[in-house]
Amino acid sequence: MELVRERTVIVELGTTTTAYDLTMLMQPSLAEDNLIHIDAITQQVFSTVLELSGSEPELRAIAPKDRHFLDDLAISLSRTSDCLQITRVIHDALPHLANVSSFLIIRTDGKDHVDEYLSGGLSAPPLRFRLKTKTKVPGDDPLLNDLKPGSGLQLYNRSELAASVWLHAQLKNSPITEDRQVAIAALRTGQDFNGLIIFFQGAETGAFVSLAPVLEGVAELVSTAFTCFRAVEKMKSMDCQQEVEQVRQEITVRDRDKSTLIEISNDMSAIRDKNTLISVLHQRLKQLFNFSHTLMSLTDPVSKTYTGLIFDSASISKRKHPDYQRICDARYMISDPVMSKVLASSTPVVFDLDELMEHADVPEWITMNHQSGIREMVVTHLNSGKKHLGAFMIFSEKKQSFLSKELGLIRAISSALGNAVDNILATEEIMEREREKTLLLSLSNDMAQIRNKEGLLRFNKEILKKVLPISHLLIFTMMDDERQYYPYLLDPDSVCRSHPEYEKITSSTIPLSDWIADKVFLSEHMEVFNLTELANTTTLPDYLRMNYECGKKEVIYNALSIGRKKTGLLVIFTDAADKMDKNQLRILQGVSSQLSTTVTNIIANEKIEKQFAEISEFKLQLENMNVYLQEEIQTNYNYSEIIGSSSEMNKIFHLVSQVADSQSSVLILGETGTGKELIARAIHNASSRKDKAMVKVNCAALPANLVESELFGHERGSFTGAIERRIGKFELANNSTLFLDEIGELPLDLQVKLLRALQEKEIERIGGKSVIKTNVRIIAATNRNLQKEVREGTFRSDLYFRLNIFPITLPPLRDRREDIPSLATHFLAKYKKKGSMESLHFSNKVMKELVAYNWPGNVRELEHVVERSVLLANSTTIKQSSLPVSTRQEMEEILPDTAIRTIEEVERDYIISILKRTNGKISGIGGAAELLKIPGSTLSSKMLKYNIKRSDIKQK
């Protein structure tokens with residue numbers, strides 16, 4: 001500060017210069033009351049100097065409680081009128097300055113001579129000591145050189161102070177002790193050096209470090225107060241009535257501006273939304289200076305970019321640029337010509353847009369504003385405390401719109417604006433988190449209702465895609481070996497469905513050695529990849545390559561897991577890079593966590609449903625098997641073995657043992673009642689399928705229209721009367737044996753279907769849509785001559801050859817008469833037990849009749865004859881057989897009532913009697929073999945066995 005032409009006080013603060021013309025104060029006729037106002041002017045000058053010095057905006061960057069302290073201190077200092085009062089204000093403030101026990105102020109005359117000392121402490125009163133002889137501050141003192149402009153507060157130990165001989169001499173009268181630290185700050189205002197302020201520590205070493213910003217603020221306020229006193233002293237010594245009035249006017253303007261700043265600060269402190277903030281700010285700023293519109297940007301320190309945050313509504317109507325929205329939403333590097341200069345400056349920076357347009361790398365938003373008529377703008381930092389938020393920009397259509405006064409106001413406003421923006425961002429963050437919680441809760445409730453893939457696809461289409469800007473999704477799940485993963489859920493809306501390799505790629509498994517899967521599974525967060533960059537730097541997995549070829553630009557991965565176990569991958573594709581903001585990615589992260597559980601539950605439900613289906617199928621099969629076995633029991637068939645030891649039966653036993661272990665089809669031939677089913681059961685019981693029951697179907701016992709349903713089953717509603725699904729005998733006999741009795745009775749149309757079932761080993765239920773694989777061994781039986789029926793066209797030759805792999809022809813009972821006594825005895829034991837006739841037995845005569853009988857009904861007829869004989873028995877001996885009457889009379893003729901003979905004797909005599917009837921003709925038409933219905937070779941064997949000669953046959 002200096003006096004110019006004896007009439008003007010010039011206050012220089014950095015690059016700002018303010019002149020006060022004060023000659024009116026020197027007029028002798030100045031009224032007394034005007035002189036009284038000089039002290040008030042002192043306070044106003046102090047406030048003005050404080051604003052111009054830039055101290056207030058700097059002080060707003062510290063903690064709120066310290067800022068309030070410094071604001072109160074500034075008000076107290078503005079009311080002081082001499083140096084002793086300043087000392088008292090600092091003395092009274094010591095309790096707030098923790099660990100400061102005392103202070104010493106070395107005041108200069110504004111140049112380089114010490115004028116006076118001011119001191120005080122917690123245990124010492126405030127003192128002021130003026131020097132009669134001013135001492136010069138040495139220009140080469142090493143310690144004072146550390147206190148050059150901009151150096152801030154400096155901390156020293158006692159030993160370090162010894163480096164300054166001059167300063168050491170000044171501290172002789174101070175309350176300093178040997179074991180305390182000292183904090184020193186230079187008192188400077190603009191180019192004026194007002195002296196030094198020294199704080200003494202009263203606690204442990206290092207306590208000044210956290211207090212440094214506050215002490216620097218105190219030093220700046222004290223220096224400002226000294227500058228103000230000098231200005232007022234000069235004002236009091238001059239005749240400056242007119243200049244006082246000018247000062248008053250300027251102070252009035254500054255008071256108004258300050259009042260507006262306070263109102264802006266108060267208004268913004270209560271604002272919690274962007275629209276209100278920009279509206280209030282626009283109205284208030286228009287009261288201070290002229291401009292076009294404003295803009296606030298937000299800086300992202302991670303990506304080192306910035307983007308528009310709050311747009312002035314006044315600018316929207318003026319922006320008719322076709323790319324306005326894109327330019328406003330875009331991100332710009334903080335290294336561009338504008339922002340790099342702003343970040344390097346601590347004060348607002350004014351830009352001439354005409355000059356900026358000469359730069360080749362000027363941001364698009366500058367070009368857009370220039371095209372709309374903007375010619376100048378000022379940009380300053382937006383800070384909240386020490387946290388950098390972004391930048392505040394004011395645009396004007398005229399140049400030279402922002403002078404030093406406006407820049408000071410903008411700087412003052414930017415601090416309060418930074419706090420307001422920080423509050424808004426915090427409020428929006430809280431509201432966004434609450435919205436996310438509500439949304440995630442809603443999505444979780446929706447996903448909790450999902451039970452299958454169809455529900456998950458419906459959730460993706462109807463809900464997820466409306467919340468997030470995704471193209472389509474893909475879900476991979478881990479295979480059981482945990483070495484591969486495979487596509488589990490494919491989005492039906494995927495544009496890749498038209499890709500030529502879609503089916504191949506989506507049906508292939510992927511090894512876990514894939515580097516992308518490795519990275520995602522190891523990450524605790526979502527991974528985002530730019531497909532274009534990936535395609536240019538590495539070989540893409542097939543499914544990524546396919547999506548890239550279909551126009552997808554970005555892929556987002558998140559690992560699906562239950563606890564610490566990784567269960568799969570969620571893969572999201574988008575049409576453009578950076579399409580999701582951080583809030584949407586956070587929502588997707590939350591959805592992924594719930595989606596892991598949902599997918600795991602769906603897979604578990606599918607397994608359970610599959611197991612339930614298998615259990616139900618098995619249960620139904622067991623129920624049908626149980627019904628079948630009950631039916632078998634009700635048929636009174638309970639043979640446990642085949643009875644017979646004749647040579648013919650031994651041949652049959654040999655054939656059974658040969659074919660039992662194989663899986664070949666068997667065709668059993670023979671007359672009715674020869675025991676074909678019993679032989680079939682013997683083959684089954686001797687095979688590897690014996691653990692399961694043999695299933696039997698009598699093809700002759702069922703109507704033709706029901707045979708197909710009996711064999712292959714039917715679905716519910718497949719025909720009239722099909723009220724429920726029925727399991728066919730083929731399914732029931734899976735992995736077992738199916739005995740097709742009376743196969744010769746099967747209709748031709750069903751023979752075709754049976755042949756297909758035998759060849760393909762698969763069937764279809766009536767009305768069914770799926771093929772059922774079966775593993776059934778077929779044993780067929782018939783009493784018909786199938787070869788003859790093949791020739792006549794009533795039986796398919798291909799089916800005959802398919803069944804006739806291993807034929808077994810059962811002998812009739814008349815060809816194995818030696819087995820008749822054993823069989824008769826067996827049946828007698830069976831039926832006499834039922835009738836409680838334990839002692840019942842055959843007479844010799846009856847047994848001879850049974851052996852001699854021809855048995856056209858074979859074993860079945862024998863059983864019925866024995867049962868009938870048991871029912872007709874009147875004593876413990878069956879004396880009369882139940883053979884047909886004509887047959888019995890024939891037997892009486894053949895077998896006279898003589899002494900008991902053996903079965904061999906009876907059979908020998910019977911053969912001789914038949915040979916006599918045929919005049920010794922053994923085989924051929926009308927031969928004995930034909931009458932006996934046995935092969936000629938069999939008859940010849942028996943004749944040889946019984947030593948029947950020609951002489952025995954001759955008629956007597």
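Visitor: What makes residues 1–41 a part to be read with caution?
Guide: Over residues 1–41, pLDDT stays under 50, and pLDDT is the predictor's confidence on a scale from 0 to 100. Where pLDDT is low, the predicted coordinates should not be read in detail. The model does have 121 contacts beyond four places in sequence for residues 1–41.

Visitor: Where else does pLDDT stay under 50?
Guide: Residues 52–61 also have pLDDT under 50, with 24 contacts beyond four places in sequence. For the chain, the mean pLDDT is 79, and 83% of the residues reach 70 or more.

Visitor: Which residues of helix α21 are called buried, and why?
Guide: In α21, which covers residues 542–549, they are Tyr543, Leu544, Met546 and Asn547. They are called buried because each has under 20% relative accessible area.

Visitor: How do you know where on the helix α21 these buried residues lie?
Guide: Viewed down the axis of α21, the buried residues fall within an arc of 160 degrees, so they line one face of the helix. After α21 comes Gly551, with a positive phi near 100 degrees.

Visitor: How many helices, strands and residues does the chain have?
Guide: There are 37 helices and 32 strands. The chain has 956 residues, of which 48% count as buried.

Visitor: What share of the contacts joins residues 24 or more positions apart?
Guide: Among contacts with a separation of 6 or more, such pairs account for 68%.

Note on methods:
Residues are numbered from 1 along each chain as its sequence is written. This is a predicted model: local features need pLDDT of at least 70, side-chain atom pairs count only at pLDDT 80 or more; totals for chains, interfaces and linings use all residues. Side-chain values use heavy atoms; hydrogens and water are left out. Contact means heavy atoms within 4.5 Å. Buried means under 20% relative accessible area, exposed over 50%, partly exposed in between (1.4 Å probe, protein chains only). Helices (H or I, at least four residues) and strands (E, at least two) are DSSP runs, numbered from the N terminus. The arc is that of the directions from the helix axis to the C-beta atoms.
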